[in-house]
Every structure is written in structure tokens, then in C-alpha cells.
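Please look over the sequence and the structure, then read the notes grouped by topic.

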Amino acid sequence: MSPRPISEVRGSPHFRQTPLQIIHIVGNLLRIWSVYTMYRYLNQTGASVMLFIFSCLVPSSILFLLLQKPWKGRSLSNTQVVPSVINGAITALYFILWGKGLKSCGPLRAILAEYSGAVLGVLSAVLYGRKGHVWKKVGGLIAMLASFYFLSQGWAVATLSPFSFKDSLDSEVQTEQVLGMSQMIVPILAGILSALRRVIARRVSLKNQLKRRLHAITIASATSFLFPVAMWDFIIGSSDSSVELPFSAWPFLSTILFGIILIFYVDSIAEEKLHMVFSSPRHLMAAGGCIIVMEIAYKMDFSLAGFLICSSILGFGIYEATTLERGRKDSLQKADISNGMLDDELDMPSLPT
């Protein structure tokens, strides 16, 4: 048999998706890098989490508004703007809880806790699904809770993990402590809110361009809702201490460019073209690889074996909790592939110019 022509191989869906998969991995690596940079800055300086996040949201909202220009083009209806503003309040609460969880639990636990949004799949199965699927989703929920419990007990930490066999650690390694499940509640709630705001954005905007315009309104709304909280935190902080904190531009720039702006477009491309939603095992696998790179690069107190076990249990839980949604996405993906190159030209999301 003769080999397939090069043009046929290049026209295959898997070949066309390879650049997008590379973009997705690089985008997640940069985003997770910004999380570790933010964590180190907050840890070393003792700066306020609220003021840091608000200082990053202000320029991010301005950039989103300038890039997307929601006031131009087809006018947005109240049924689209009002839910986007409400979604901004949810986003602001998410940033508050996520920032608190990052500072108290560390970047590894905070990032993995974002995948707790898969519990919305369990809720949808209980309300609308079949009884057979409910038990699978409940089993997935139990696996996710077990993973978060093991993370709270320090299984991914070298000094606490039962799978670590090191007698001594490098003096430069940052050690951590056992947290307990109660402290993991904050980042877990942040992950659920993150999934909720994604669901609302997906329901309100059916078209990709409309989704990006409404996201600019959502970020601007979140900045407005976060303003009184940040100002109150500033007043309380200034009255408690008069010590001037050192300023470093890179944690702010990396959070703005990679942690807020770039990751939105990267996740949009992954969802639209790769059919990869945030709370999915594939997304977790990509983020897990990036976490391993950052843990080693920042010389954290890291247990590779414990992390792989916790992330595998979490991935299994997500897999079981999103059974119905995954089946629907697979059918949509087959339909998109059958449409050929025409869909690529019509639906390919383009970054704003």
C-alpha cells in the first residue's frame, strides 16, 4: 500500500489541532508561572491579596475594553449585559477567595482546587440526569474529595508525603505544613465559582465574538465590585502598619498579561477548537505537567509521587463527574470534524488587533 499523500496528512484534524494544543500548553505554563510569581511576591513582602488583585484587574479591564470594544458593532441587549454584570460580581468573589486560598494553601493546592468546579456536573445529574449516571457522578465527587483531602494532608509535599523517601532536603527548598480540609474549603469554593462564571458566560453568549465582548464587561464589572473591598483593605492595612512594601513590576505584569488576559484567549481557543473545557481530565493533565515544571524550577517542597497520585485521583473523579457532558462534546466534535475546513475558516477564534 502506498503511503498517504502529505497534503492528506496535513489536512487531517489531528494535524491541524497540534499547533492549537501547543498554544494551549504554553499558555497554561505562562499562566501557572504568573501564579507562582504572585505567590512568591505575596509571601516575601506580606502584601495585601486584595490590593494586589485589584491592582491587576484595573489595567486588565481597561485592556479588555480597548481590545474588544463592546460599545461598537451590534448593540448588546439587556438580557446579555445584565447577566454579564452579575457574572462580574461572581468573578470578583472568585478572585477574593482564590487569592486567599493561594496565600494560605500555596500555588499547587490552589491551582488543583480550581478543578472542583466539576461538582456542577454532579449537581446537574442529580437535578436532570438519569439515576444510573447519578451514581457515577457521586463516585466521581467522592474521588475528588479524597484527592483534596490527600492534598490538604500534604501528600504532594516532600516533607509530609508518605511516598517521599528523602532523609534531608535542600536548605533552599521551601517547606510547607499540613493544612487540614477546613483550609482547603476556600480554594475549593473559588473553583466552584470559577466554573459557575464560565457556565453563565457560555449561556449568555452563543457566538465567540459576542463572548469576548461580554467578557470585557464582566471583568470591568468585577473590578467595580472589588473596588470597595480593596479600599477597605487598604484603609485597614495602612492603619495597622506604616511599613512601606517593596514594589516589583514583574509579579503585576505577569499576572495581568498571562494570568488574566492571555489565559482567557487560550482557554477560549481550547474550548472552541479543541473541545477542551477547563474542568476536564485533559486540561488537568496539561496543568499538571506545568505544575511539575514550576515546582522544580522554584525549588518548592514537592513530592512527585504524591502529586501524581493526588492528580490521578482528581482526574478520575473529574472523568466520572463529567460523563454526560463529555459524551455530548464528543458528538459535537465529530460533527465539527465532518464539516471540514469551512468550519475552521468561519469559527477560528482570532486574537484582537
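Ser 61 is buried, because its relative accessible area is 6%, where buried means under 20% relative accessible area, exposed over 50% and partly exposed in between, with a 1.4 Å probe and protein chains only. The model is a predicted one, in which local features need pLDDT of at least 70 and side-chain atom pairs count only at pLDDT 80 or more, while totals for chains, interfaces and linings use all residues. Residues are numbered from 1 along each chain as its sequence is written, and side-chain values use heavy atoms, with hydrogens and water left out.

**The chain as a whole**

- The protein chain has 14 helices and 0 strands; helices (H or I, at least four residues) and strands (E, at least two) are DSSP runs, numbered from the N terminus.
- Of the 353 residues in the protein chain, 47% are buried.
- Among contacts in the protein chain with a separation of 6 or more, 87% are between residues 24 or more positions apart; contact means heavy atoms within 4.5 Å.

**Helix 3 and its ends**

- Helix 3 covers residues 49-68 and has 20 residues.
- From its first C-alpha to its last, helix 3 reaches 28 Å, close to the 28 Å expected at 1.5 Å a residue; the expected span is 1.5 Å times one less than the number of residues.
- At the N-terminal end, Ser 48 caps helix 3 with a side-chain oxygen that lies 3.4 Å from the backbone nitrogen of Met 50.
- The buried residues of helix 3 include Val 49, Met 50, Phe 54, Ser 61 and Gln 68.
- Ser 61 is found in helix 3 and is in contact with Ile 219, Ala 220 and Thr 223, leaving aside neighbours within four places in sequence.
- Lys 69 follows helix 3 and is placed in the loop between helix 3 and helix 4.

**Helix 9**

- Helix 9 spans residues 208-240, and Ala 230 lies in it.
- Ala 230 counts as buried because its relative accessibility is 0%.
- Not counting residues up to four places away in sequence, Ala 230 touches Met 50, Leu 51 and Phe 54.
- Ala 230 and Val 49 are 181 residues apart in sequence, and their C-alpha atoms are 8.9 Å apart in space.
- Ser 224 is also found in helix 9, and it counts as exposed because its relative accessible area is 51%.
- A polar atom of the Ser 224 side chain lies 3.1 Å from the backbone oxygen of Ala 220.

**Helix 8**

- Helix 8 has 24 residues and reaches 35 Å from its first C-alpha to its last, close to the 34 Å expected at 1.5 Å a residue.
- Buried residues in helix 8 include Met 184, Pro 187, Gly 191, Ser 194 and Arg 197.

**The largest cavity**

- There are 4 cavities of 30 Å³ or more; on a 1 Å grid over the protein atoms alone, a cavity is a set of points where a 1.4 Å probe fits but cannot get out, and lining residues have an atom within 4 Å of a point.
- The largest cavity holds about 570 Å³ of space; grid points are joined across faces, edges and corners, and a volume is the space filled by probe spheres set on the points.
- The lining of the largest cavity has 33 residues, and those nearest its centre are Arg 197, Arg 198, His 215, Ile 260 and Ile 263.
- Helix 2, helix 3, helix 4, helix 8, helix 9 and helix 10 each supply at least two residues of this lining, and the largest share, 8 residues, comes from helix 10.
- The lining divides into 14 nonpolar, 11 polar and 8 charged residues; Ala, Val, Leu, Ile, Met, Phe, Trp, Tyr, Cys and Pro count as nonpolar, Asp, Glu, Lys and Arg as charged, and the others, Gly among them, as polar.

**Residues with positive phi**

- Most residues other than glycine have a negative phi.
- Lys 69, a residue other than glycine, has a positive phi near 50°, and it is partly exposed, with a relative accessible area of 30%.
- His 275, in the loop between helix 10 and helix 11 (281-297), has a positive phi near 55°.
- His 275 counts as buried because its relative accessibility is 16%.

Note on methods:
1 Å grid on protein atoms, 1.4 Å probe; cavity = no way out; pocket = protein on both sides within 12 Å on 5 of 7 lines; lining within 4 Å. Polar contact = N/O pair within 3.5 Å; in protein donor to acceptor, adjacent residues only side chain to side chain.
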